[in-house]
Amino acid sequence: MSDPVRTADSADRSIGQLVATATAEMSALMHDEIALAKAELRQDAKRVGIGGSAIGIAGVFALFSLPVLSFAAAYGIHNLGLGLAWSFLIVGGAFLLLAGLLALLAVRKFKKVKPPEKSIASAKQTAAVLQSVKPHPRPVGDKAAVVARSTT
């Protein structure tokens, strides 16, 4: 059996209660949208971290290892019979090639980062639903007619 008190309560809710309920539901919806966006961005943050690490490692190799290893390799090549200038050019080119490969890896990782598509689609769907909502017509009765006449 239905509870007549509960049915009367839900049918006779005031405008303030309806607005409060709508506000609470909109707030919950926005919190859910934000949670979805955070979840999607967390996945892409890992990709950005790997790409940023690759760039950082490339920079470290290019800056700190070049002087030490360049001298050692260039003198090693020079001991094989090649001129000293050519030895240094070969070593410098090899390190630049290594830095370029690491930068290419970083660019590939950055290209895999995508916008939060699920959040965007959900937000567009919510906006479309809210745009199509129309206010409920007020019942025409004695009370509504009296209020309408007294305000004019």
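1. A residue counts as buried at under 20% relative accessible area, as exposed at over 50%, and as partly exposed in between (1.4 Å probe, protein chains only). Phenylalanine 88 falls in the middle class: it is partly exposed, with a relative accessible area of 27%.

2. A word on the basis. This is a predicted model, in which local features need pLDDT of at least 70, side-chain atom pairs count only at pLDDT 80 or more, and totals for chains, interfaces and linings use all residues. Residues are numbered from 1 along each chain as its sequence is written, and side-chain values use heavy atoms, with hydrogens and water left out.

3. Overall fold. The chain has 5 helices and 0 strands. Its pattern along the sequence is α-α-α-α-α. Helices (H or I, at least four residues) and strands (E, at least two) are DSSP runs, numbered from the N terminus.

4. Burial and surface. Of the 152 residues in the chain, 12% are buried. The accessible surface comes to about 12,200 Å². Carbon and sulfur atoms account for 69% of that surface. These areas come from the Shrake-Rupley method with a 1.4 Å probe; for residues, only the protein chains shown count as cover.

5. Contact range. Contact means heavy atoms within 4.5 Å. Take the contacts between residues at least 6 apart in sequence: 72% of them join residues at least 24 apart.

6. Aromatic pairs. Rings of Phe, Tyr and Trp (its six-membered ring) pair if their centres lie within 6.5 Å; planes under 30 degrees apart count as stacked, over 60 as edge-to-face and the rest as tilted. The count by this rule is 2 aromatic pairs. In one, the ring centres of phenylalanine 71 and phenylalanine 88 are 5.4 Å apart and the planes stand at 80°, so the pair is edge-to-face. Phenylalanine 71 sits in helix H2 (residues 15-79) and phenylalanine 88 in helix H3 (residues 84-111), so the pair ties together parts 17 residues apart in sequence. Phenylalanine 71 is partly exposed, at a relative accessible area of 45%.

7. Tyrosine 75 also pairs with phenylalanine 88. That pair is edge-to-face: 5.8 Å centre to centre, with 80° between the planes. Tyrosine 75 belongs to helix H2 and phenylalanine 88 to helix H3, so this pair ties together parts 13 residues apart in sequence. Tyrosine 75 is partly exposed, with a relative accessible area of 41%. Phe71, Tyr75 and Phe88 form one aromatic cluster.

8. Leucine 66. This residue is in helix H2. Leucine 66 is partly exposed, with a relative accessible area of 23%. Not counting residues up to four places away in sequence, leucine 66 touches Phe61, Phe71 and Phe95. Phe71 is also a member of the aromatic cluster. From leucine 66 to valine 91 the C-alpha distance is 8.7 Å, across 25 residues of sequence.

9. H2 against H4. Axes are lines fitted to C-alpha atoms, for helices over the stretch in contact, and angles run from 0 to 180 degrees between N-to-C directions. The axes of H2 and helix H4 (residues 117-132) come within 8 Å and cross at roughly 160°. That makes H2 roughly antiparallel to H4. The class covers angles over 145 degrees; under 35 is roughly parallel, 65 to 115 roughly perpendicular and the rest oblique.

10. Residues of that contact. On H2 they are Met26, Leu29, Glu33, Leu36, Ala37 and Glu40. On H4 they are Glu117, Lys118, Ser119, Ser122, Ala123, Thr126 and Leu130.

11. Two further H2 positions. Methionine 30 lies in helix H2 and is partly exposed at 40% relative accessibility. Leucine 41 and serine 119 are 78 residues apart along the chain, and their C-alpha atoms are separated by 10.0 Å.

12. Lysine 112. This residue lies in the loop between H3 and H4. At 46% relative accessibility, lysine 112 is partly exposed. Leaving aside neighbours within four places in sequence, lysine 112 is in contact with Asp44 and Arg47. Lysine 112 and glycine 51 are 61 residues apart in sequence and 10.0 Å apart in space, C-alpha to C-alpha.
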